[in-house]
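Q: I am new to this structure and would like to learn how to read its features one at a time. Could we go through them together?

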Amino acid sequence: MAALPLGFLLVILQALLCFSDDVKLKPKPASKPVRLFTEEDLKNYNGHDEGKPVYMAVKGVVFDVSKGKEFYGKGAPYNALAGKDCTRAVAKMSLDPEDLTHDTTGLTEEQLQSLESVFKDTYKAKYPIVGYTARRILNEDGSPNKDFKPEDQPNFSIKDEF
């Protein structure tokens with residue numbers, strides 16, 4: 001008598017295994033897909049609109065710094081960095097309006113090392129990546145930069161953005 005239920009279970013198990021190829025489970029994506037930001041797009045996330053997240057870019061990587069609104073939000077001490085690629089300012093530890101740019105021309109080796117350290121140990125460690133600046137992945141003529149390596153977001157693909 002005990003063999004009947006065991007046999008019945010084996011038949012059901014075999015049926016499930018036969019049909020399992022037809023059933024494909026889709027994994028839930030871990031986070032929102034990243035996107036491409038123009039300078040104009042990024043300006044919309046400068047912390048002045050309470051209903052929007054606060055974004056800033058360093059080295060062309062756009063971070064959601066909303067959880068640090070006390071630093072980057074409207075009226076906060078580092079709000080000048082929000083809504084733009086402020087790579088030079090981060091490297092120089094500066095809030096000078098002339099430094100609020102992506103341009104790293106003329107930075108010293110020490111400033112470049114500081115930039116790399118802050119980029120890796122502060123921004124990449126604390127804040128989610130939501131995208132890249134167009135300047136980072138496009139050439140001057142608008143064509144894709146073949147040297148772009150999305151090391152900061154393993155699931156990012158240039159193909160997905162165009």
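**Reading the fold step by step**

A: Let us start from a single residue: in this predicted model, tyrosine 132 is found in strand β4.

Q: Is tyrosine 132 buried or exposed?

A: A residue counts as buried when its relative accessible area is under 20%. Tyrosine 132 has a relative accessible area of 0%, and therefore it is buried. Across the chain, buried residues make up 33% of the 162 residues.

Q: How far apart are tyrosine 132 and valine 34, in sequence and in space?

A: Tyrosine 132 and valine 34 are separated by 98 residues in sequence, while their C-alpha atoms lie 7.5 Å apart in space. For the chain as a whole, 55% of the contacts with a separation of 6 or more are made by residues 24 or more positions apart.

Q: Which elements does the chain have, and in what order do they run?

A: The chain has 7 helices and 4 strands, and from the N terminus on its elements follow the pattern α-β-α-β-β-α-α-α-β-α-α.

Q: How should I read the sheet, and in what order do its strands lie?

A: Strands of a sheet pair through backbone hydrogen bonds, either parallel or antiparallel. Here 4 strands form an open sheet with mixed pairing, in the order β1-β4-β3-β2. Its edge strands are β1 (35–37) and β2 (55–58), each of which pairs on one side only. On average, neighbouring strands of this sheet are turned by 35° against each other, direction ignored.

Q: How many bridges join β2 to β3?

A: Strand β2 is joined to β3 (residues 61–64) by 4 bridges, and the two strands run antiparallel. Within this pairing, methionine 56 stands opposite phenylalanine 63 in β3.

Q: Which residues touch the most other members of the largest nonpolar core?

A: In soluble globular proteins, nonpolar side chains tend to be buried together. The largest nonpolar core here has 24 residues, and those touching the most other members are Met56, Phe63 and Tyr123. The elements giving two or more residues to this core are β2, β3, α4 (87–92), α5 (109–126) and β4 (129–133), and α5 gives the most, with 4 residues. A second, separate core has 7 residues, including Leu42, Tyr45, Ala57 and Val62.

Q: Which residues does tyrosine 123 touch?

A: Leaving out residues up to four places away in sequence, tyrosine 123 touches Met56, Val58, Phe63, Val65, Tyr72, Leu81, Val90 and Val118.

Technical notes
Residues are numbered from 1 along each chain as its sequence is written. This is a predicted model: local features need pLDDT of at least 70, side-chain atom pairs count only at pLDDT 80 or more; totals for chains, interfaces and linings use all residues. Side-chain values use heavy atoms; hydrogens and water are left out. Two strands pair if DSSP finds at least two bridges between them. Axes are lines fitted to C-alpha atoms, for helices over the stretch in contact, and angles run from 0 to 180 degrees between N-to-C directions. Buried means under 20% relative accessible area, exposed over 50%, partly exposed in between (1.4 Å probe, protein chains only). Contact means heavy atoms within 4.5 Å. A nonpolar core is a set of buried Ala, Val, Leu, Ile, Met, Phe, Trp, Tyr and Cys residues joined through side-chain atoms within 4.5 Å.
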